[in-house]
Amino acid sequence: MSKEKKIPVEITKKAAEKIKELTKKDKKFALKVGVKKGGCAGMEYTLEFVDKLYGHEEIIEKDGAKLVIDPMAQMFLFGSEIDYEVGLLESGFKFRNPNVTETCGCGESIKFG
């Protein structure tokens, strides 16, 4: 009986396309996601391009796109989905995270229960 490993973060097709496009353009290895203290609700997502894996980071690959999960953020991001949305006023990566209990009015800051 084989155990299938649960992926901590799902990446939509649109997000994968954008990650692949941006990492190729900037000649980077992957997009790294994490969380840090900040904002009016207490925490913020972080996104940065990286050249390689460091330490115990987890990597998720989809359609040629590579997403690195910061080890300190794994417990906050487990079960999340990352999408890329294009709108009239703004475009960007959007997080659907079941662990978030509160967001601020600007939508940039989050709180975990």
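User: Is N97 buried or exposed?
Analyst: This is a predicted model, where local features need pLDDT of at least 70, side-chain atom pairs count only at pLDDT 80 or more, and totals for chains, interfaces and linings use all residues. Residues are numbered from 1 along each chain as its sequence is written, and side-chain values use heavy atoms, with hydrogens and water left out. Buried means under 20% relative accessible area, exposed over 50%, partly exposed in between (1.4 Å probe, protein chains only). N97 has a relative accessible area of 11%, so N97 is buried.

User: Which side chain makes a polar contact with the side chain of N97?
Analyst: A polar contact is a pair of N or O atoms within 3.5 Å; within protein, one must be able to donate a hydrogen and the other to accept it, and residues adjacent in sequence count only if both atoms are side-chain atoms. The N97 side chain also has a polar atom 2.9 Å from the backbone oxygen of F76. The side-chain partner, at 3.1 Å, is Y45.

User: Which residues does N97 contact, leaving aside neighbours within four places in sequence?
Analyst: Contact means heavy atoms within 4.5 Å. By that cut-off, L77 touches N97, with Y45 also among the residues L77 touches. For N97 itself, the list reads Y45, F76, L77, S80 and F112.

User: What share of the 113 residues in the protein is buried?
Analyst: N97, for one, is buried. Across the protein's 113 residues, the buried share is 36%.
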